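Dear colleague,

Please find the structure below, followed by an account of what was found in it.

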Amino acid sequence: MNAIYILWLRQLKRYFRSKSRVLGSLGQPLLFLITFGFGFGSTFQKAGEGNYLQFLAPGIIAMSVLFSAIFFGIEVIFDKQFGFLKETLVAPVSRVSIMVGRTLGGATVATLQGVVVLLISYAFGFRMQNIYLLPLALLFMFLMALLFTGLGTAIASKMDDMHGFQLIMNFLVMPLFFLSGSLFPIQGLPPALKIVTSLNPLTYGIDGLRGSLIGISQLSFYFDLLIVGLLTTIVLVIGSYLFSRIQL
Amino acid sequence: MTKSIIEVKNLVKKFSDLTAVDNISFTINSGEIFAFLGPNGAGKTTTIKILTTLLKQTDGEVKVNGFDVLTAKNQVRHSFGIVFQDHSLDDELTAYENMQFHAVLFSVPKEERKERIENLLKFVDLWERKDSLVKTFSGGMKRRLEISRGLLHEPKILFLDEPTLGLDPQTRNHIWKYIEDLSQNKGLTVFFTTHYMDEADRVAQRIAIIDHGKIIAQGTSAELKKLTKKNSLEDAFISLTGDVIRDEEASTLDRLRMHRRGR
C-alpha cells in the first residue's frame with residue numbers, strides 16, 4: 001500500500017515540477033478546440049447538428065486524456081534508460097504494486113489534464129448540461145486514463161528505447177483518436193468505418209463522457225461504463241503481467 | 001563467523017548464442033569483503049544482476065542470505081543493498097526524496113526513517129543539499145547519494161558495481177573507511193567490482209578473477225600474487241587475463257553488453 005502511494009506521489013511530483021510539460025500538454029487541445037471548434041462550427045450548425053463546440057469539447061477532453069495517459073505509460077522506457085527502474089525493481093515489493101502505483105499516478109495526472117481542458121472549453125463558451133453529472137464525467141475520464149496508461153505501460157514493457165514512439169503515435173494513438181467519434185458523430189458513417197469505430201475502446205469512453213457532459217450519447221451509460229471498465233481491467237492485468245516480466 | 005552468505009553453484013547465463021557467465025561457482029562468507037575482478041565484458045555485471053534478482057539465470061543455483069534468487073525473491077531483496085554501475089537516481093526528485101522513496105519501498109519503519117536518512121546524508125556530506133534536485137548534482141555527489149541510499153535499509157550484504165568510478169581519492173577513502181567499518185563492526189558483507197587494482201588489494205579479503213565468463217583464479221591478494229609470481233595485484237591480474245586489449249571478439253561482446261545495459 002505504501003509502495004503504491006509513493007510511486008503515485010512520484011509521478012505527480014515529476015509532472016508538476018516540469019512547467020514546460022504542463023504548458024506543452026495544453027497546446028494541442030487548445031489548437032484543436034479553436035481550429036475545429038470555430039472552423040467547422042457553422043457547417044455543423046447548417047447541417048442541423050447544433051452547436052459544434054458543445055459536441056467537440058468532450059472529444060478534445062478525451063484526446064488530452066488519451067495522449068497524456070499513453071505518454072505516462074510509455075515513460076517506463078525513460079526509467080529504463082535513465083536507470084531508475086532498477087532501483088524500483090530490486091525493491092522487496094511486488095511488481096504488480098509498482099505497476100499499479102505508477103499507473104494510478106499517470107492516470108491521476110491525465111485526468112487532471114482533462115479537467116484543465118474542460119475549464120479551457122468553458123472559456124470558449126462550452127457549457128455542461130447538468131453540473132451534477134460532473135462526478136460521472138470525472139469517472140469516465142479516470143477510467144480512460146487508467147486504460148491508456150496501462151496500455152502505454154504494457155507496450156513500454158516490451159520496448160527498449162524511444163525509437164518506436166513515433167510508430168505508436170502514428171499507428172495507435174492517432175487512429176484511436178480519429179476513429180472514435182471524438183470529432184464527428186458516429187451514426188451515419190459508412191459501414192466499414194462504423195465497424196472500426198465500434199471496435200475502438202475510446203468510442204465508448206467518449207460516448208459516456210459526452211453523455212455526462214452534454215446529455216447526448218448514442219449508447220446507454222451503463223453499456224459505456226461496462227465496456228470501458230472491462231477493457232481497463234483486462235489491460236491492467238496484461239500490463240501487470242508484462243511489467244512483472246521485465247528483466248534488465 | 002565462517003557462515004556462508006552467498007552461494008553460487010554452476011551458474012550459467014546465456015544471451016541467445018552468447019554465454020556471458022559460463023559455469024561459475026563461489027562462496028562468500030558472512031562479513032567478508034569480496035572483490036570480483038575482470039576485464040570489460042567478462043561477466044561481472046551480469047553476475048551481479050543475477051545475484052540481485054534483476055536477471056534470471058539460464059542454469060545453476062544461487063542463494064543469497066540463504067534464500068534462492070528464483071523462488072524467494074522478496075527475502076533476497078530485503079537482504080541486500082546495491083550501488084549500480086550506472087546511474088539509478090531520479091533526477092527530478094531531491095536527494096531527500098530519493099532517500100524517502102527508497103525507505104518506503106524497503107519498508108524502513110516510519111519512526112526511524114528521518115533519523116537514518118539524516119545520519120547517512122550527513123555522512124556523505126549531502127545534508128546541506130538534501131532539498132536540491134538530483135539533476136543539479138555532480139557525478140561524485142550522485143555516487144555518494146547512491147551509496148548512502150544502498151545502506152538505508154541496513155542490508156546484510158552490499159553489492160557495489162564499480163562504486164568508486166569517477167570519485168576523487170578523498171571521497172574514495174572516506175567511503176571505503178565507512179564500509180570497512182560496517183563490515184568489521186556490523187558484519188556487513190561486501191561484494192564489489194572495480195578496475196582499480198590498488199583498491200581491491202587494499203580492501204578485499206578475498207578476490208575472484210573472472211574472464212570470458214569463467215572464474216580463472218580465486219584467493220587472497222597475496223595468494224594471487226604468489227600464484228603468478230608478481231609483486232602487485234595489477235601485474236597478477238594482467239598475467240592472468242593477458243595484456244591484450246580486448247580485440248574484435250571481446251568488443252562485440254562489450255557492445256552487446258552495453259546495449260543490454262542501456263535497457
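In strand S9 of chain B, B:Ile207 is the bridge partner of B:Ala35. Please note that this is a predicted model, in which local features need pLDDT of at least 70 and side-chain atom pairs count only at pLDDT 80 or more, while totals for chains, interfaces and linings use all residues. Residues are numbered from 1 along each chain as its sequence is written, and chains are lettered from A and ligands numbered from 1 in the order in which they are written.

Helices (H or I, at least four residues) and strands (E, at least two) are DSSP runs, numbered from the N terminus. Two strands are said to pair if DSSP finds at least two bridges between them. S3(B), residues 33–37, and S9(B), residues 206–211, run parallel and are joined by four bridges. S3(B) also pairs in the parallel sense with strand S8 of chain B (residues 189–193), over three bridges. There, B:Ala35 has B:Phe192 as its bridge partner.

Five of the five residues of S3(B) are buried, that is, each has 20 or more other C-beta atoms within 10 Å of its own, with C-beta atoms placed from the backbone (12 or fewer would be exposed, and partly exposed lies in between). B:Ile33, B:Ala35 and B:Leu37 point one way from the strand, and B:Phe34 and B:Phe36 the other way. In a regular strand the side chains alternate between the two faces of the sheet.

**Chain B as a whole**

Chain B has ten helices and ten strands. Its radius of gyration is 18 Å, close to the 18 Å given by the globule rule for 263 residues, so chain B is as compact as a globular protein of that length. The radius is taken over C-alpha atoms, and the rule is 2.2 Å times the number of residues to the power 0.38. Of the 263 residues, 41% count as buried.

**The interface**

In the model, 23 residues of chain A are in contact with 24 residues of chain B, contact meaning that the C-beta atoms, placed from the backbone, lie within 7 Å. The largest share of chain A's side, seven residues, comes from H1(A).

**Confidence**

The predictor gives the complex an ipTM of 0.88 and a pTM of 0.88. Over residues 247–256 of chain B, however, pLDDT stays under 50. Where pLDDT is low, the predicted coordinates should not be read in detail.

Notes:
Contact = placed C-beta atoms within 7 Å. pLDDT = per-residue confidence, 0-100.
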